[in-house]
Amino acid sequence: MIITIVSLIDQFLNINIPTYKDYQFFSYLFESNTKGDILRVQVASKKFKSRLKIFDELSRVNRKYLAIKAVFDRIPEDSKFIVVPGKIDDTILLYHLRNEVDKLNGIEDTTSNLDKTISQIASLYYTQSFNGNAKRRQYIGETDKSNRICRFCGQQVPIVSFNNTAHAISESLGNKSIICREECDNCNERFSRTIEPDIANMLSSLLTIYSIHGKNGIRTTAGKNFKLSLNEATKSDTNVGTITIQLQQKFPENIEDFFKEQLSLDASTLKYIPQNVYKCLCKYVVSVVNKRYLADFRKTIDWINSTTRYCKLPIVAIGDAQIKMEAPYLIVSIRKTNNYNYPYCFALFAIANTIFAFIIPFTSKNKYHFTTPKKYKIFQEMIQSWYNRIKWSFNKLSSSQRTYTRVDFTLQIPPECKLGKDYFVLNKKNNL
Ligand SMILES: [Zn+2]
């Protein structure tokens, strides 16, 4: 059996208890009832902490016990924690359990509205989160290369190879840690040419300004009449470094007037196909989704692989995340019930200051396409009420025509920043 430990510390712990002997060991460690069943609520008392010594001996046989002991050591003394049977990897359920632990320890519940939301999501969807900034790499899929089947083309060794590291989410968006083992070198190379540049182009200036580190450091965004770059050499705790904006335009006589002007940046060199952005977002989901659901995404994968042509797709919600995401964060929710009014799978994807909420189209467990306003409305309202702190806009990403993002902005320099000290204006001819 597997048990999950939820405590006041940020780390959740899954412990595998393979034999009865191991179970006896853990029932010695924890408080149990007269029948020998481990109690759900435990206290990290002095007595409990002193029992942790038994791990020292066990760790000589198996190093994993050291890691388990380290987690128990970090639980604050005399605080309550809970032991739940089973391996719990549903993000929302874990969040729920963590709230329960907070309450047990008398920590004020300030999230009652959020609680209701969490319960609603938990009752409808199984949810998993993937953090592109995690310290440890997270590998998805089969370890043994000879047993791998590519999630996208369905091929195996020796027809295809798995030599390159396939980032489940594009490295250009700052993903360092989420790796998909089940993406062959051919598909990896193909996506890097076909759909991945689209999302990077769409978000280019944000990737620069929000200092997202891709494979070759921070991206420089070069448009027709401007160039945007960020140099982190001057970075400190209070600033992001030096942002350089090179503009090809006439400066007004009075430099003050320049800061009042609305600047129109021509980003037409950074073209993207909206539908490819949608495909790429769904490609990320297919890369991370648990293997047991893959068969439901067969037609989604066919669509991702296909030549991009116009087709009517669900609307995509795009919001201002209001926080800075230095690396991508992906939350995938799979419907647990047969309520077909809700899409079978939807996901949230956040990077820089932007968050996308989207339905995965063409799954076998959707009865509807969610492309009509009436059918889409349920999803729209669900997103707006569940993630109500985010201001959402609703966008069509069905087009197969190349387009580009309009960048209109004014430079707002706070009055405490001084010209010649905190910022500089260099005016030279042919400055691009
Ligand atoms: Zn493949």
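Which residues of the largest nonpolar core touch the most other members? In this predicted model, they are Val285, Val288, Leu330 and Ala347, within a core that counts 70 residues. Several helices and strands each supply at least two residues of this core, among them helix H7 (185-193), helix H8 (196-202), helix H11 (274-288), strand S14 (316-335) and helix H13 (373-386), while strand S15 gives the most, with 13 residues.

A separate topic is the open sheet of three strands, whose order is S10-S11-S12 and whose pairing is antiparallel. Its strands are set out below.

| Strand | Residues | Note on pairing |
|---|---|---|
| S10 | 221-222 | edge strand, pairs on one side only |
| S11 | 226-231 | pairs with S12, antiparallel, six bridges |
| S12 | 242-247 | edge strand, pairs on one side only |

In general, strands of a sheet pair through backbone hydrogen bonds, either parallel or antiparallel. Here S11 and S12 pair in the antiparallel sense over six bridges, and Leu230 stands opposite Ile243 in S12.

Asp56 belongs to helix H3, which spans residues 54-61. Asp56 counts as exposed because 11 other C-beta atoms lie within 10 Å, and the limit for an exposed residue is 12 or fewer. Between Asp56 and Ile378 there are 322 residues in sequence and 54 Å in space, taken from C-alpha to C-alpha.

Note on methods
Residues numbered from 1 in each chain as written. Predicted model: local features only at pLDDT ≥ 70, side-chain atom pairs only at ≥ 80, totals over all residues. Core = buried A, V, L, I, M, F, W, Y, C linked by C-beta atoms within 7 Å. Buried ≥ 20, exposed ≤ 12 C-beta atoms within 10 Å, placed from the backbone. Helix = DSSP H or I, 4+ residues; strand = E, 2+ residues; numbered from the N terminus. Pairing = 2+ DSSP bridges.
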